[in-house]
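Q: Could you take a close look at one helix pair for me, and then step back to the chain contacts around it?

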Amino acid sequence: MLFVVNFPLFTIVLSLFSGALCFMLPGKAARRYTMCYEAFLTVLCLWILQYTYLNGAFTYVMGEFPAPWGNEIRAGVLEATTALIFMIIMLTAVFCGYRFIEKDLDLSKENLYYALLNLMTAALLSMIWTNDLFTGYVFLEILTLTSCGLLIVREIGRTTLAAIRYMILNLLGSGLFLLGVVLLYDLSGHLLMVPIQKVIRELAADPNTLPVLTISTAILTIGLSIKSGLFPFHFWMPDTYGWATPTSAAIMSSLVSKAYIFLLIKIYWRVIGIDIVERMPIRNILLVLGIAGMVIGSVQALHADNINRMAAFSSAANIGYIFMGIGIGGVAGYTAAIFHIFAHAVTKAMLFLTTPRLAEVSGDSLLFKELQGSGLRDRDAGVFFTISAFSMIGIPIFAGFAAKLQFGLAAVEDGAGWRLILVFLALAVSSMLNALYFVRTIIRIYSRPNESTRMEVRPHHRAGYNVPMLVLTVMNLFLGLFSWVTVDLIHRGLMMFS
Amino acid sequence: MFENLWINGEEAVAIILFGIGFTMLLFQRNLLKKLIGMNIMDTGVFLFLASMGYIEGRKAPIVTNGVLDTAAYINPVPAGLVLTGIVVSVSVTAVMLSLVIRLYKRYHTLDLDEIYVLSKHQMEDR
Amino acid sequence: MKERFFKWFYGESDPMEHILDCAEVPDESREEWKYEEHEIEREISRRVHTQSVIRAERRGFYAFYLIIAVISCLMLIGVLLFTVSQLPRYGVENPRAKEVIERYVEKGLEETGAVNIVSGMILDYRAFDTLGESHVLFTALLCVMILLRLDEKNKRTRYENYYTVLADPYYDISTDPIMRIAATITLPSIFLFGIYILLNGQISPGGGFSGGAVMGAALIIYAAAFGFTVTDRVFTYRMSRCITFLSLAFYSFAKGYVFFTGANGIPNGVPKGTPGAVLSGGLILPLDIAVGMVVACTMFGFYSLFRRGSIGGE
């Protein structure tokens, strides 16, 4: 057994330790430590990906007691790829946003912010690597609390109100998820994922116990969907992402919602079994709700008056895309959903990191009427915003187009029927709506301002901002142009996922 | 359909508690009552877990007189899960209470609808 | 009549308030924070206005949404009750759970060294969950510190000052002789009891979380009875920070070492001790102490932050 096998454990334990360490360090030292540590984590995740690509998935026993008695974590190609992309996005978010953190926060609380960031990293990685339902629940609660902390650290009245709505909905979701875990434990007597699946196969074969199994799965699904923002439960998004400091907004919209969806996919594949899930009516419900989210989220984005709120509604629409992929089902559907997780994470991070710079040259205002011409005042931010907007619309060579193509292919592979028609209609309508509000914004930021808008001095061209954004752009183009590489990675990962 | 409900009576009561807490969390306008609803919801889940582990005629899982037989003790696993759940519930209650304190300091009311209306009308921060 | 019912239902009026009001002691020192007439009038008019806005918005679509939501909640409870009726019987052993329990009960004593099977389970077999759980408390402490710790931006309005500086002497009970005498008599026993629960985690019911909670409660009574000036001499921000950091770091590294050696098949060299003694259970006792320290510091930190917005009076 090579030393690489221990790396998932190191990532989790060292992140938890870093959280406690940043609590002790003063503000600037905490920031520098976090940046170096996240770079180190990216290298570790790359190493794990290379190992699992060549040697397949491995299970790591936590302690000396094997599966049903002790705890274990598991790493495969899919988990390693997701971890790598999440770490890169976190690194770029911290690099690009730390200037805004210094402006938005009280400086005595800066080290608390980085401590929460490190704990969130630990929770994200733990939910990616975990092979146990109850560990997933504990780290899900850590993720909820740290994302609340990341939001309230900017002390204006709007964020406190947004935080309370966010927390109330998230706690509903957590309560339902815990109830689902407890029901599964009662039915199966195990808490680790693989032993539960053996029991569930027996339960699904017996028609007396199939209803209970369906209800338990439904409760788990509802809990995680509330937390990630599926259609009827997405109304916390605009307030939350709209007023948070840019690093927090980028991390929460790109990573936190996706971690919950990743846990849901893991539960479907490893705990319940994908063939059993496909037979349940949950699949169609998720498809319909996902499509409703896509369309209604885009319609609400059209009416937004604030650029961050528009981006937040667009996030709600994209979560709808991912659930549509889960609803289509089959390996192709899940491949499309996971590809969209990656594409959207990369694009949304870039979007939320450019809007504050556009606001900075317009008198610190995020309203559309003040942002007119800001792309001309700050050229770098304007270019990056245009790239991310093109990717969200779905213009070829960018990641968004490749993601929508995958959805189309998955729907075709699913077979002819009402699902195919519905998916294609939804893709067409939402792409059109996306184009409407994004192109309108791009035109606005590049048109000459009238006298009423406030002009500001141009910011310095800082390499510290442009280099991470270039990294995100390169990743976006890689996902868009060489999509078959990523699709092959995801496919391989799904084959060894269950 | 509901034949076993009387036999599983403790678990049914736990589910009713969960439902009451869930409804309070969703529909109450007063913030402190919402928090109490959240606590009732968590308490319902803990009661459900605890009653799931109970086996009649057996003792608590602490080894006494060297008896190492599974037939002498109840199921120890739900007890560990409840411990973790209680700690999580306490932490979340503390954070929510401090959020309520901050909101009250700013808006001088505990009614969530009122706070929402007030925040829409106040434009001092963007 | 219906008006009065709905006022009571929404919590706007209390039928007992005339009876309970007589119990409140009038205090002349409240003069210093009496409000001006126009401030009170403005406040009342603002609240009447917002109530009317809310009532206007509440008709129509909102009522329809409320009915749909009530029906969905009732459906949720009904579905869950149906599920409960299909679950394995209460009070009877679940045959599927036997495989896991057999090892915990029969081999738990020799593998973990703990007489208390539940402690052995959460701190040895499933130690990763407990590692996460202690960090949940730490995260909550960080969030409450961000929200409530006073800094330059917070010390703004007179209303906020009222809660933390001006009104605290009114609500302070440390001048009450009953509290002081009762605390002097009972506090040593409470502290000892907390330490006893902590050290007995692996022998009898107890452990880090419960022991830490009792010790935290003892600290809170101490601060409430004798005032914060007494606790600030010992329990400063720096000390509480160091205790939390060292305990959590010790926990992470000790458990990381155990996981690492266990997964790689190396014996981890932690002695198990004799079952039934205090020094037994391998790493369970040091981990219990670490967790107890974190819980006590966190509980006292919550109380201190709620009362006066800082830990250790900085």
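Is the crossing of H17(A) and H18(A) left-handed or right-handed?

A: The crossing of H17(A) and H18(A) is left-handed, meaning that the near helix is turned anticlockwise from the far one by less than a right angle (clockwise would be right-handed). Before going on: this is a predicted model, where local features need pLDDT of at least 70, side-chain atom pairs count only at pLDDT 80 or more, and totals for chains, interfaces and linings use all residues. Residues are numbered from 1 along each chain as its sequence is written, with chains lettered from A and ligands numbered from 1 in the order in which they are written.

H17(A) spans residues 399-414 and H18(A) residues 418-446; helices here are DSSP runs (H or I, at least four residues), numbered from the N terminus. Their axes lie 9 Å apart at an angle of about 165°, the axes being lines fitted to C-alpha atoms over the stretch in contact, with angles running from 0 to 180 degrees between N-to-C directions. That angle makes H17(A) roughly antiparallel to H18(A) (over 145 degrees counts as such).

Who does the touching? From H17(A) come A:Lys404, A:Phe407, A:Gly408, A:Ala411, A:Val412 and A:Asp414, and they meet A:Arg419, A:Leu420, A:Val423, A:Phe424, A:Leu427 and A:Ser431 of H18(A). Contact means C-beta atoms, placed from the backbone, within 7 Å. By class, that set has seven nonpolar, two polar and three charged residues (Ala, Val, Leu, Ile, Met, Phe, Trp, Tyr, Cys and Pro are nonpolar; Asp, Glu, Lys and Arg charged; the others, Gly among them, polar).

As for confidence, the model scores ipTM 0.94 and pTM 0.92. Chain C has a mean pLDDT of 82, pLDDT being the predictor's confidence in each residue, from 0 to 100. Among the elements of chain C, H7(C) has the highest mean pLDDT (93) and H8(C) the lowest (52). Over residues 22-26 of chain C, pLDDT stays under 50, and the model has zero contacts there beyond four places in sequence.

Definitions and conventions: Helix = DSSP H or I, 4+ residues; strand = E, 2+ residues; numbered from the N terminus. Parallel < 35°, antiparallel > 145°, perpendicular 65-115°, else oblique. Contact = placed C-beta atoms within 7 Å.
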